[in-house]
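Please read this note with the sequence and the model open side by side. It is written as a set of numbered points, each of which may be checked on the display.

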Amino acid sequence: MKKVYKWNLTALALLLACAGCGRFEDINTNPDTPTTSTAAMLATGQIKQIIGKPDGNQYFSDHAISKHIGWGELPWANQYNRFERYALSGYTTLTNTLKMVELAADIDKAAYQGLALFIKACSALNMTLALGDIPYSEALQGETGITKPRYDTQKEVMLAILNDLDEAYRYFSEANRAFEGDIIYGGDPARWKIAIAAFELKILLYLSRKESDADLNVKQRFARIVGERPLMTSNSDNFQLVYGTLSSQIYPTHSTKNRFIPYPEMSNTVVDTLKKYGDRRLFYFAQPARARTDAGIQTDDWEAYAGIDPSLAYSDIGLLFTTGNISNVNLRFYELETCQPTIKLGYAEQNLILAEACLRGWIQGDAGEYYRRGIEASLRFTAEYTPDNPEYHHNMMITDDWIRTFLDDPALQLVAGSDAFEANLNKIITQKYLNSFMHDTYTSYYEYRRTGYPKLPVNPATNMNTLPDRIPVRWMYDQREYDYNRENVEAAVQRQFGGNDDVNERMWILE
């Protein structure tokens, strides 16, 4: 996970307190940019932050956490499970959402209030999933004198996030026209309502271990949203960032931004699973291994592709890498300026969420049908954003006829029986894992942490975790919180983990 060491919470609160000493436009002046801000400008920036991806090296580093890739140059901390500290930098974003609402015209106020609450909920979700308890109810209260906010329990935070999303949905229901600055849905309030409903379903599934909690009402909330709110109906509803051809808009791993083209290697978790089911996404995700094509194996042959166990000793990975015995990430991710949108939450994942909810008995429906819809949506997205170039699909194209045949394969289906829950859950989560390749890899890490699926490699001989037989389940609190808000962060650590701020301590959501 990207560690952003910027301002700590206390510093942000003080900044807000000081903001009253001068106008927003005065303290944010840059001689090379406009000297006034608008609600639309702030909205664009905030949306980019919650959906955006780091460029090049860091983009791939994030994918090493979930073991989608291995790295052929140097041993990476993420690849070998060394988790460190996580800053509460999400609050940086929220200072601008307050100003965004303040600057909005009255006719657009409801839409921007809905957007502000959505951004607040997303930022808080990222932080609490990484850490556990975080400041929430007293956050950003510098103007009222609260410079050292207390930490709310994770249960309180999750309830507040769900309630904030309900309130955001209400605000977008009141909005009666498109608002400016929206790079996702063109300012359409109706489409934002669909996205909010899908996000709530995703969050409720993160709470699957708390389905009996009377305060959360997880199953009831889930069923109510499915029964009462519009949901995504195709990939056109995806909450995603579309790239452009300007230098500031191109795809994060395009060669002009990324100097590490040879090094990201496909993991065997991805490659072997795609091979197991005869899934042609393999030919769109990966390059054939050089040693195998040099030996005469054709690029449209499944045996031309080889994944790497990213938990291997780096010396072993280096040998396989230098001899060309590992498949690299597909060239389209480097060569295409716009490549494909980055999906934060899409139609494919929504269907897989609904499939699991059916499996758990939270809603009525056919888990297998939702599961197949999710796979089909992922396949169609991959095909749609890949040009008809043999280097990008290796003459193993995803066509309508192939999709129909593939989805009918008995080996792919969920199975019947009272004892089939775990087998079916494994299949659903594995499809989420494949769907998140080169998208939001944290979804895969958190789903693995929640369910144990798919099984990821752990090598005690190379694992940098203090418990060598497992992957960490959280990050530690930022040192700056200890420096500036020690009493409250230590109280949170004591309450959750008996005073031990460690990457292997289980937060409330996992108990």
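The points below concern confidence, helices, and selected residues and loops.

1. Basis of the note. This is a predicted model, in which local features need pLDDT of at least 70 and side-chain atom pairs count only at pLDDT 80 or more, while totals for chains, interfaces and linings use all residues. Residues are numbered from 1 along each chain as its sequence is written, and side-chain values use heavy atoms, with hydrogens and water left out.

2. Confidence. The pLDDT is the predictor's confidence in each residue, on a scale from 0 to 100. Its average over the chain is 90, and 91% of the residues score at least 70. Over residues 1-35, however, the pLDDT is below 50, although this stretch has 60 contacts in the model beyond near neighbours in sequence; a contact means heavy atoms within 4.5 Å. Where pLDDT is low, the predicted coordinates should not be read in detail.

3. Helix α6. Helices here are DSSP runs of H or I with at least four residues, strands are runs of E with at least two, and both are numbered from the N terminus. The expected span of a helix is 1.5 Å times one less than its number of residues. For the 23 residues of α6 this gives 33 Å, which agrees with the 33 Å between its end C-alpha atoms. A residue is buried under 20% relative accessible area, exposed over 50% and partly exposed in between (1.4 Å probe, protein chains only). In α6, 19 of the 23 residues are buried, so the helix is largely enclosed by the rest of the structure. After α6 comes G132, with a positive phi near 115 degrees.

4. Leaving aside neighbours within four places in sequence, S123 is in contact with I50, G90, T93 and L94. A124 also has its place in α6, and its relative accessible area of 1% makes it buried. With neighbours within four places again left aside, A124 is in contact with I134, Y136 and I161.

5. Helix α22. This helix covers residues 486-497, twelve in number, and reaches 16 Å from its first C-alpha to its last, close to the 16 Å expected at 1.5 Å a residue. Which of its residues are buried? They are N488, V489, A492, V493, Q496 and F497. These residues cover an arc of only 135 degrees around the axis, which puts them on the same side of α22; the arc is that of the directions from the helix axis to the C-beta atoms. Their cover includes α6 (109-131), β6 (476-477) and α21 (479-484). G498 follows α22 and has a positive phi near 65 degrees.

6. The pair α8 and α20. The axes of α8 (residues 189-206) and α20 (residues 441-451) come within 11 Å and cross at roughly 35 degrees. Such axes are lines fitted to C-alpha atoms, for helices over the stretch in contact, and angles run from 0 to 180 degrees between N-to-C directions. K202, L205 and Y206 in α8 meet T443, Y446, E447 and R450 in α20. T443 is buried, with a relative accessible area of 5%. Beyond neighbours within four places in sequence, T443 is in contact with K202, Y206 and E349.

7. Backbone details in loops. A cis peptide bond joins Y453 and P454, with omega about -15 degrees; P454 lies in the loop between α20 and β6. N81 is not a glycine, yet its phi is positive, about 70 degrees. The loop between β1 (69-71) and β2 (85-86) holds N81, which counts as buried at 3% relative accessibility. N395, in the loop between α17 (390-393) and α18 (400-407), likewise has a positive phi, near 60 degrees, in a residue other than glycine.

8. Residue K67. Not counting residues up to four places away in sequence, K67 touches N78, Q79, N81, S267, T269, P310, Y433, L456 and P457.
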